[in-house]
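Please look at the structure first and then read each answer beside it.

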Amino acid sequence: MKKNYRQVGSGYEKIAGQYLIQKGYQILEYNYRCPKGEVDIVARQGAYLVFCEVKFRSGTECGYPEEAVGRTKQRRISESAMYYLTVHGLLEEPCRFDVISILGNRIRIYPNAFDYTWN
């Protein structure tokens with residue numbers, strides 16, 4: 001039987017969200033979708049609006065989860081974040097991009113993992 005990767009991914013995004021809540025983040029949205037792409041979790045931590053990408057791996061055979069957030073993915077997340085900020089009238093809000101890496105049972109947050117990427 002074929003795996004439903006969207007369903008599996010959503011499960012890990014919920015796990016990541018619970019972890020972020022324990023770390024003081026306020027979850028605003030899961031799976032924000034727009035014409036530019038998708039952001040796994042939109043959250044707030046203190047003064048920052050945080051756009052989070054969640055990556056899971058059961059092992060390191062294909063590399064570490066955080067290594068899967070390359071330049072193309074960063075650009076897509078950045079464009080989606082800009083769309084979110086524009087639609088919600090939040091262009092003056094300080095924001096950042098975090099990556100949440102789940103390797104087996106270990107969760108790690110990379111705050112400010114990358115800068116806004118436009119090309």
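The model is predicted, so local features need pLDDT of at least 70 and side-chain atom pairs count only at pLDDT 80 or more, while totals for chains, interfaces and linings use all residues. Residues are numbered from 1 along each chain as its sequence is written, and side-chain values use heavy atoms, with hydrogens and water left out.

Q: In which helix is the place of Arg75?
A: Helices (H or I, at least four residues) and strands (E, at least two) are DSSP runs, numbered from the N terminus. Residues 71–87 form one such run, and Arg75 has its place there. The answer is helix 2.

Q: Does Arg75 count as buried, partly exposed or exposed?
A: Buried means under 20% relative accessible area, exposed over 50%, and partly exposed in between (1.4 Å probe, protein chains only). The relative accessibility of Arg75 is 28%. Arg75 therefore counts as partly exposed.

Q: How far apart in space are Arg75 and Trp118, C-alpha to C-alpha?
A: In sequence, 43 residues separate Arg75 and Trp118. In space, their C-alpha to C-alpha distance is 5.6 Å.

Q: In what sense do strand 3 and strand 4 pair?
A: Two strands pair if DSSP finds at least two bridges between them. Strand 3 and strand 4 (residues 95–103) have nine bridges. The sense of the pairing is parallel.

Q: Is Glu53 buried or exposed?
A: Glu53 is found in strand 3 (residues 48–57), where seven of the 10 residues are buried. The relative accessibility of Glu53 is 3%. Glu53 therefore counts as buried.

Q: With which side chain does the side chain of Glu53 make a polar contact?
A: A polar contact is a pair of N or O atoms within 3.5 Å; within protein, one must be able to donate a hydrogen and the other to accept it, and residues adjacent in sequence count only if both atoms are side-chain atoms. For Glu53 the distance is 3.4 Å. The partner is the side chain of Lys55.

Q: Why is Cys34 too far from the closest cysteine sulfur for a bond?
A: A disulfide is a covalent bond between the sulfur atoms of two cysteines. The cut-off is a pair of cysteine sulfur atoms within 2.5 Å. The closest cysteine sulfur to that of Cys34 is in Cys95, and this is too far for a bond because the distance is 14 Å.
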